[in-house]
Amino acid sequence: MKKIASFTVNHLTLLPGVYVSRKDHIGAEVVTTFDLRMTRPNFEPVMNTAEVHTIEHLGATFLRNHKEFKDKTVYFGPMGCRTGFYLILAGDYESKDIVDLLKEMFVFIRDFKDEVPGAAARDCGNYLDMNLPMANYLAEKYYEEVLCRMSEERLKYPD
């Protein structure tokens with residue numbers, strides 16, 4: 001079997017960043033999948049499921065309520081390896097096009113102190129697996145160390 005494109009990225013040289021993972025064409029429309037890499041694969045500890053789950057709930061809520069991107073957001077969710085998230089947007093985008101959106105989103109997550117949206121038995125299949133303080137911390141870390149110090153090497157996959 002042929003390797004899928006995301007398994008051909010050298011994860012030993014991949015830094016936390018914002019990468020275009022793929023672009024798909026559905027009819028006349030383009031759908032862009034972003035790799036929001038929050039930790040350095042195979043070098044840093046992965047995120048625990050509780051904070052990943054919390055970031056997922058907060059990020060999805062933020063994006064689906066954003067005045068410009070709510071109708072363009074197809075999906076926001078965690079990578080199985082727990083080193084980041086995938087964001088799928090309707091439209092033909094490059095990584096630099098969404099840095100400001102991500103800054104807004106990660107400030108929202110960093111500063112969020114209320115009840116996590118959807119964190120109730122009626123709304124979520126694993127509502128007890130949440131860790132808001134760690135989600136706040138990881139959002140701050142990604143915001144400060146990656147989004148506010150964006151460079152070309154954190155916008156394009158390494159060769």
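**Figure 1. Arg82 in the loop between β3 (73-78) and β4 (84-90).** Helices and strands are DSSP runs numbered from the N terminus (helices are H or I with at least four residues, strands are E with at least two). The model is predicted, with local features requiring pLDDT of at least 70 and side-chain atom pairs counted only at pLDDT 80 or more, while totals for chains, interfaces and linings use all residues. Residues are numbered from 1 along each chain as its sequence is written, and side-chain values use heavy atoms, with hydrogens and water left out. Arg82 is not a glycine, yet its phi is positive, at about 65°. The relative accessibility of Arg82 is 29%, which places it in the partly exposed class. That class lies between buried (under 20% relative accessible area) and exposed (over 50%), computed with a 1.4 Å probe on protein chains only.

**Figure 2. Thr39 in the loop between β2 and α1.** Thr39 is buried, at 6% relative accessibility. Contacts are drawn where heavy atoms lie within 4.5 Å. With neighbours within four places in sequence set aside, Thr39 is in contact with Arg82 and Thr83, and also with Pro16, Glu44, Pro45 and Met47.

**Figure 3. Asn42 in the loop between β2 (29-37) and α1.** Asn42 has a positive phi of about 65° and is not a glycine. Its relative accessibility of 63% makes Asn42 exposed.

**Figure 4. Packing of helix α1 (residues 49-63) with α2.** The two helices pack at an angle of about 130°, and their axes are 10 Å apart. Axes are lines fitted to C-alpha atoms, for helices over the stretch in contact, and angles run from 0 to 180 degrees between N-to-C directions. α1 and α2 are therefore oblique to each other. Angles under 35 degrees count as roughly parallel, those over 145 as roughly antiparallel, 65 to 115 as roughly perpendicular, and the rest as oblique. The crossing of α1 and α2 is right-handed. A right-handed crossing has the near helix turned clockwise from the far one by less than a right angle, and a left-handed one has it turned anticlockwise. On the α1 side the contact involves Ile55, Leu58, Gly59, Phe62 and Leu63, which meet Leu101, Glu104, Met105, Phe108 and Ile109 in α2. By class, the residues of this contact of α1 with α2 are eight nonpolar, one polar and one charged. Nonpolar covers Ala, Val, Leu, Ile, Met, Phe, Trp, Tyr, Cys and Pro; charged covers Asp, Glu, Lys and Arg; the others, Gly among them, are polar.

**Figure 5. Packing of helix α2 (residues 99-111) with helix α3 (residues 132-145).** The angle between α2 and α3 is about 150°, and their axes are 7 Å apart. The crossing of α2 and α3 is left-handed. From α2 the contact draws on Lys103, Phe106, Val107, Ile109 and Arg110, and from α3 on Ala135, Asn136, Ala139, Glu140, Tyr142 and Tyr143. The contact of α2 with α3 has seven nonpolar, one polar and three charged residues.

**Figure 6. Packing of α1 with α3.** Here the angle is about 75° and the axes are 8 Å apart. This makes α1 roughly perpendicular to α3. Glu51, Thr54, Ile55 and Leu58 of α1 make the contact with Leu132, Met134, Ala135 and Leu138 of α3. The contact of α1 with α3 divides into six nonpolar residues, one polar and one charged.

**Figure 7. Arg64 in the loop between α1 and β3.** Arg64 is partly exposed, at 40% relative accessibility. Not counting residues up to four places away in sequence, Arg64 touches Lys70, Thr73, Val74, Tyr75 and Phe76. From Arg64 to Val74 the C-alpha to C-alpha distance is 9.0 Å, and the two are 10 residues apart in sequence.

**Figure 8. Glu153 in the segment after α3.** Glu153 has a relative accessible area of 52% and is exposed. Leaving out residues up to four places away in sequence, Glu153 touches Leu15 and Tyr19. Glu153 and Gly17 are 136 residues apart in sequence, with their C-alpha atoms 8.1 Å apart in space.

**Figure 9. Cys124 and Cys148.** Cys124 is buried at 13% relative accessibility, whereas Cys148 is partly exposed with a relative accessible area of 36%. The structure holds zero disulfides, a disulfide being a pair of cysteine sulfur atoms within 2.5 Å.
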